[in-house]
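User: Please take a close look at the aromatic side chains of this chain, and then at the charged side chains around them and elsewhere. I would like one connected account.

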Amino acid sequence: MSARSKPQQPFKVVSYNIRKCMGTDRRRDPMRVLNVLNDVDADIVVLQEADHRFGTRRSALPHFLIEAHTDYRPVPFDVQIDSMGWHGNAILVRNSIAIEHHDIVHIPYLEPRGVVSAILSLAGQRIAVFGMHLDLSGLWRARQARAIVRLARDLEEDCPTLLMGDLNEWRSNSGCHKEFGRHFTMLDCGRSFHSQRPIGKLDRIMHSEHLRTLDFGVHHDLLASKASDHLPVWARFVIRSDD
């Protein structure tokens with residue numbers, strides 16, 4: 001019996017632009033962001049704006065707080081000593097999840113942008129994850145999407161693949177959505193920006209055909225509306241069986 005024909009365990013993912021832990025009340029509060037993540041209770045967390053933009057680009061979420069107050073650990077991209085991610089993109093996983101491989105991905109850009117990726121093992125289930133925060137320019141977003149799709153398609157035949165992040169795309173059926181949508185299913189999780197009065201569906205979760213969606217949405221409560229100017233988007237999946 002192949003791995004995909006065995007009963008599979010559902011798992012939950014979340015994508016969250018944490019705005020360097022700067023809340024809508026103009027207070028920088030890492031614990032508030034961690035409390036939101038604990039409330040969402042996902043197995044895999046993809047973050048944007050997880051590092052400070054200037055200077056040493058240190059992590060906005062101190063490692064000791066993550067270790068002390070959550071069941072997560074960062075995927076170790078080791079780009080800079082004090083950073084958690086790459087161009088602000090980071091991945092957190094539950095301590096029970098094995099990290100088989102991780103990498104940073106260079107993409108074409110007008111403003112500094114990058115992508116992080118990891119291959120994870122959840123109770124023997126291998127999942128490829130890409131985390132991203134795309135350009136403000138529509139032309140560059142499309143170019144970035146094409147570059148990411150090329151890499152993700154190399155993995156999707158052998159490994160269920162997820163792509164998540166802040167796409168900065170306001171148009172639902174054009175731009176980078178069209179590029180991603182040619183090869184991956186794009187979930188309409190809902191309006192995630194601005195967190196005080198959501199009107200934009202900027203944060204997205206996409207998946208390969210090897211994954212079946214069980215549920216998805218936007219996590220919207222009082223705490224999340226203050227913790228960042230984006231709301232977290234989440235989805236629950238199971239790996240499709242062969243039969």
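Analyst: Phe-11 is buried in this predicted model, with a relative accessible area of 3%, and Phe-237 is likewise buried, its relative accessible area being 0%. The structure holds 2 aromatic pairs, and one of them joins these two rings: the centres of Phe-11 and Phe-237 lie 6.0 Å apart with their planes at 35°, so the pair counts as tilted, an angle of under 30 degrees being needed for stacked and one of over 60 for edge-to-face. Because Phe-11 belongs to strand β1 (residues 11–17) and Phe-237 to strand β12 (residues 233–239), the contact ties together parts that are 226 residues apart in sequence.

Trp-170 and Phe-193 also form an aromatic pair, edge-to-face in this case, with 6.2 Å from centre to centre and 80° between the planes. This pair links distant parts of the chain, as Trp-170 is in the loop between β8 (161–166) and α4 (176–181) while Phe-193 is in the loop between β9 (185–187) and β10 (203–207), 23 residues apart. Trp-170 is exposed, with a relative accessible area of 52%.

Rings also meet charges here: the charged end of Lys-12 sits over the ring of Trp-234, 4.8 Å from its centre, and the charged end of Arg-143 sits over the ring of Trp-140 at 4.5 Å from the ring centre.

Turning to pairs of charges, side chains of opposite charge can pair when their charged atoms come close. With a cut-off of 4 Å between nitrogen and carboxyl oxygen, the count comes to 16 salt bridges. Asp-41 is partly exposed, at 44% relative accessible area, whereas Arg-94 is buried, at 14%.

Arg-153 and Glu-156 form another salt bridge, at 3.4 Å from N to O, and they are separated by about one helical turn because they stand 3 residues apart in helix α3 (residues 138–156). Here Arg-153 is partly exposed, with a relative accessible area of 42%, while Glu-156 is buried, with 8%.

Finally, Asp-25, Arg-27, Asp-29 and Arg-32 are linked in a network of salt bridges, which includes the contact between Asp-29 and Arg-27 at 3.6 Å from N to O. Arg-27 counts as partly exposed, at 45% relative accessibility.

Methods. Residues are numbered from 1 along each chain as its sequence is written. This is a predicted model: local features need pLDDT of at least 70, side-chain atom pairs count only at pLDDT 80 or more; totals for chains, interfaces and linings use all residues. Side-chain values use heavy atoms; hydrogens and water are left out. A salt bridge is a side-chain nitrogen of Lys or Arg within 4 Å of a carboxyl oxygen of Asp or Glu. Buried means under 20% relative accessible area, exposed over 50%, partly exposed in between (1.4 Å probe, protein chains only). Helices (H or I, at least four residues) and strands (E, at least two) are DSSP runs, numbered from the N terminus. Rings of Phe, Tyr and Trp (its six-membered ring) pair if their centres lie within 6.5 Å; planes under 30 degrees apart count as stacked, over 60 as edge-to-face and the rest as tilted. A charge sits over a ring if NZ of Lys or CZ of Arg is within 6 Å of the ring centre and within 35 degrees of the ring normal.
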